[in-house]
Amino acid sequence: MTKVKICGLTERLHVETAINAGADYLGFVFAESRRRIDPTQVRKITEQVPENVGKVGVFVSPSVEEVQATIQAAQLTAIQLHGTVLPSLQTAIQKGVFAHQKIAVIQAFDGEAETLKQDFLSCDADFGLLDAPVRDHPYAGGNGQSFDWQKAAREPLPLSERFFIAGGLHAENVEEAIQLFRPYAVDVSSGVETQGKKDSRKIEQFIHLVKEKKR
């Protein structure tokens, strides 16, 4: 069954809504964003999160020191990397530093990049994540924009069972994305918001749409 990540969470209410509806991953943004949250606040609002639900920290071009400090402060179980993966962080991934800590690594890629397949082949992360290109947006993700699905799906990706689909997903198109890509997981943020705020009804609807059919 396709897994679901609800990203950009900032309130306990929506954390609990996502868990109760069956979310597999909860995402918290530590990069510049209107959804940015402090690691200590994440720890407070996730005190009751079950062990089988992943707590993912979202970073943009972070240092390995920033990542490690945030993992500790927020009690994360996974990290999601956008932008440039700095050499020191890449080395830590390659040497299995995060694997030893039982921290999953998700690396984001431009779903429209001409080098997408090669990028996947050279990726040392546990999971890849296909997202929309940044273009003129001020933030690296959560902009409600999709990438060209048809272009990305023309050639099957390596590690196909180990990637997330993100970028512009919502209740009206998530089933199409799953049928086209057969991803490990789908990742949504703006698609479960109303006027820029998380909407409990939309969170529940999105998760139920993905989970109600065994794939």
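1. Let us start with a term: two strands pair if DSSP finds at least two bridges between them. Helices (H or I, at least four residues) and strands (E, at least two) are themselves DSSP runs, numbered from the N terminus. With that in hand, look at Val58, which stands opposite Gln80 in E4.

2. A word on what you are looking at. This is a predicted model, in which local features need pLDDT of at least 70 and side-chain atom pairs count only at pLDDT 80 or more, while totals for chains, interfaces and linings use all residues. Residues are numbered from 1 along each chain as its sequence is written, and side-chain values use heavy atoms, with hydrogens and water left out.

3. Now follow the strands. E1 (3–6) pairs with strand E8 (residues 185–188) in the parallel sense over four bridges, and Lys3 has Ala185 as its bridge partner in E8. E1 is also joined to E2 by two bridges, again running parallel; here Lys5 has Tyr25 of E2 as its bridge partner. From E1 the chain crosses through H1 to E2, making a right-handed β-α-β crossover.

4. Next comes strand E3 (residues 54–60). E2 pairs with E3 in the parallel sense over five bridges, with Tyr25 opposite Gly54, and E2, H2 and E3 form a right-handed β-α-β unit. The chain then crosses from E3 through H3 to E4, also a right-handed β-α-β crossover. Five bridges join the parallel strands E3 and E4.

5. How enclosed is E3 by the rest of the structure? Six of its seven residues are buried, so E3 is largely enclosed. Buried means under 20% relative accessible area, exposed over 50%, and partly exposed in between (1.4 Å probe, protein chains only).

6. Helix H1 (residues 12–21) deserves a look too. His14, Val15, Thr17, Ala18, Ile19 and Ala21 are buried in H1. An α-helix has 3.6 residues a turn, so residues three or four places apart point the same way. The cover over the buried residues of H1 includes strands E1, E2 (25–29) and E10 (197–198), together with helices H2 (39–45) and H9 (200–211). After H1 comes Gly22, with a positive phi near 110°.

7. Val188, in strand E8, is buried at a relative accessible area of 2%. Leaving aside neighbours within four places in sequence, Val188 is in contact (heavy atoms within 4.5 Å) with Lys5, Ile6, Cys7, Leu169 and Phe206.

8. Gln75 is partly exposed at 33% relative accessibility, whereas Gln195 is exposed at 81%.

Methods:
A crossover is right-handed if, with the strands pointing away from the viewer, the path from the first strand over the helix to the second runs clockwise.
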